[in-house]
Amino acid sequence: MHKNGPIALLFHSLVVAFVLAPLVVVCLVAFTPENTLSIPTTSFSLRWFAAIFQHPDFVPSFYNSLWLATLAATISVALAVPAALAIDRYRFPGRDWLNGLFLSPLIIPHLVLGVALLRLFALIGATGSFAWLVASHVIIVTPYVMRLVMAAFTGMDRSAEQAAETLGASHWTVFRRITAPMILPGITGGWLLAFINSFDELTMSIFVTSPQTVTLPVRMYMYATESIDPMMAAVSALMIALTAGAMLVLDRAFGLDKILVGQK
Amino acid sequence: MKSRALTPWLLVSPATLLFLGLVILPLILTVILSFHVYDHTTGIQDSFTVEHYVRVVTDDYYLAIFWRTLRLAFLTTLICAVIGAPEAYVLSRMGDPWRSIFLLVIIGPLLVSVVVRAFGWSMLLGSTGLVNQSLRALGFDSVRLLYTETAIVIALVHVMLPFMVIPVWTALQKLDPAVEAAALTLGASRFTALRRIVLPQVSLGMLSGSLIVFGLSASAFAIPGLLGGRRLKMAATVVYDEYMSELNWPLGAAIAIIVLVANLAIMLGYNRLVETRARRALG
Amino acid sequence: MGFLTLQSLSKVFGDFTAVRDVDLSVAQGEFVSLLGPSGCGKTTTLQMIAGLVEPTKGTITLDGRDITREKPSRRGLGIVFQSYALFPHMTVAENVAFGLEMRKVARPERDRRVSEMLGLVHLASFAERYPRQLSGGQRQRVAIARALVIQPPVLLLDEPLSNLDAKLREEMQFELRRIQRSVGTTTIMVTHDQAEALSISDRVVVMEQGRMTQIDAPYRLYERPATAFISSFVGKMNRIEAVWRGGRAEAAGLGLPSEAASLPDGASIGVAVRPEKILLGAAGQGLFDGTVTSRFFLGSYWLFNVETPVGNVVVSLPNQGAEPVAEGALVSLGWPPESASIVAAAAGAAA
């Protein structure tokens, strides 16, 4: 019944081409055998991928980011689940205000957060500390976890909990056996989204990382502002592959549209 | 009864402490910092002044940067609305499985690091990039794109497009498809149905998308940093310079606070607007 | 004293009284329905019995034990929720076994009782399915099995059939009654559907605005509605505004036969007659004549709207196979005195 006309489809193709162009180019250039940024025409080479692993900075930065994102996402889930539970289930003074506070990193530019955290860390002598870097990433990823977990709480059938209670389950048993499994998709989705956002974060991190704690995006940014060679394309291609993998998992498990667009 | 009243507080307290310590406190410290006197040889002083704010709003250098930031953010928002809203509409009219596939294609790049996307555009737009190669192949002169405002806007649109598509898509999902069909059966043309029935319902989605896009564009860092070069500064890159090269933290803090206040003002203004509209719709 | 008794049970939410002084005594093995429109307090009453809502006032006793303040997890009642509230991440068998698990029933015993219960609700072959793989009627039976397997003293049903389509609902009514009979559990069902309440209950409790207004066997409720509200809510009812004069009801100068009453002369009253109690005849043969303005065929019976001197009267006639009187036909209406009851006059009706 609803059909898109030829003009609509042409427009759509152009938009898709625009969206994919830079990503496709990055992936092609990554395989060039040349020393310059060029699209390989005659032969493909993996030399620039090999170069990444010989570069003294990229590998530690990658592991750094991996650890950072894992810790930040996990801590964020540990904080957001009880907070979301309290906000969803209880009416208490300051509830709306707290909800706003937990979502505030979405409307405070990361630039401002970075500057502000740099000032705090300088004052308490925490600049360059990995632990504080993790804490600042927890701040920026928590809104994503909060939103998904809150949606899971509001979307679940509360009477299932009541049913379990009337069948003789204690409060703790109800949470462990009924509530937690029912909101698990929200928690897992929130964790993955938090992980990706932490792994990709640049603007705040560039202010609060030190040479010892430089994350992969910061390293790439620094590298790209100084020299441009195909190794950057190879790193980018790896990042795209990694993200695409995570996206596939997310999509298979929960439906990516649901996670990014929100509950329908 | 008493323990029950305490439960929510226990549940929210870890997150609250972290957010008070790492959001509210640092912001207060930064506001204070922006009023500190700065001396180029001795650094941050213990006395207070408003000279950083005065300088930022009177110095042509900073005014030009603010003006560029607003102009490029506005342009980005406009282009995103013009491309994103129709694209969301086209997507919503697709059948499965194409609809989910293309929705992923359009909003998936959201998860790809912005550095990667900026780098992709710098390769496309460079003097030997794909765009100029194609132009030359077609017999045109090559154009300078990289390190221009055009490059910044193109890449910003690319990064921000999902933020426009998502709210419009959400609004379209809530729209009963039969409503448009009803308008058509009542004798409206396709265009009239679109303009009178669909557009008013998604305008709120477009508005909220526009705000997100404008806010994020105005504080964007990686795109102007990588595609604007050393000369074309925007608000975020100039803050970075003040902090990292000039070491004038109080001045950088003042600019950051201005960016924050502008952002919050826009968001609160939006909320007020949505509330009045919702009231009118209900009343 | 009944098996389950409610004594002046009340619930106040802020300044809204949801349930007001409800007294009810239910005998062991009885099937009682709480009937009323939405917002009448029937669900709140059920939730207070279940322990999900704390009463503001009054007591609930079960088999002589005061359970008013007991936790829902300790009451041991079986509850079927309107949404069924199945655990989506557990199989049918796991759902049914949950209550036994909470009671620490040993594994072999638990398995035996679960399969026995699934047999009773005809779901034995669905034990390993998940709720999302079942139809609405099957989910409903899982919910019943889950509530019954713990052998509760009382089974509480909250609008158990409202999420089913019309045909399935009818089938499940009888199914529900069959299951309840075979286990003999005292049952309280909340419903807004009068046909459902009448067909399966031993007794029906009608609730209006938080109060109980009539407790009776289904047929008595139908034949002798205590209030004007019940007469219109339960089944269809004609209501003719009349005046009591000389020991009989009069409307538009016509004497209307009715049950005997001792009322002062000139009192405003209503005469209530069920549509199926009215006899249609040829013009001039009954109490008064009227014109058929519309008729509707409803399968097992016909429904007529007849315009008469006393107003519009609805008459129903069983379908005998042949076509009955057409629209526009002149007919006569009549009824025996015992079929018409005298009710209070509608508010605002002048004498």
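Among contacts in chain B between residues at least 6 apart in sequence, what percentage join residues at least 24 apart? It is 69%, where contact means C-beta atoms, placed from the backbone, within 7 Å.

Before you click around: this is a predicted model, where local features need pLDDT of at least 70 and side-chain atom pairs count only at pLDDT 80 or more, while totals for chains, interfaces and linings use all residues. Residues are numbered from 1 along each chain as its sequence is written, and chains are lettered from A and ligands numbered from 1 in the order in which they are written.

Stay on chain B. You'll find 12 helices and 2 strands (DSSP runs: H or I of at least four residues for helices, E of at least two for strands, numbered from the N terminus). Its C-alpha atoms fill a box of roughly 80 × 75 × 30 Å along the principal axes.

Next, select chain A together with chain B: 70 residues of chain A are in contact with 70 residues of chain B. Helix α1 (residues 6–29) of chain A gives the most to chain A's side, with 14 residues.

Now jump to chain C and pick C:Glu159, in the loop between β7 (154–158) and α6 (166–183). C:Glu159 is not a glycine, yet has a positive phi of about 40°. It counts as buried, with 20 C-beta neighbours inside 10 Å (buried means 20 or more, exposed 12 or fewer, partly exposed in between, with C-beta atoms placed from the backbone).

Last stop: C:Ala252, in the loop between β12 (248–251) and β13 (254–256) of chain C. Phi of C:Ala252 is positive too, near 50°, but C:Ala252 is partly exposed, with 13 other C-beta atoms within 10 Å.

Key. Contact = placed C-beta atoms within 7 Å.
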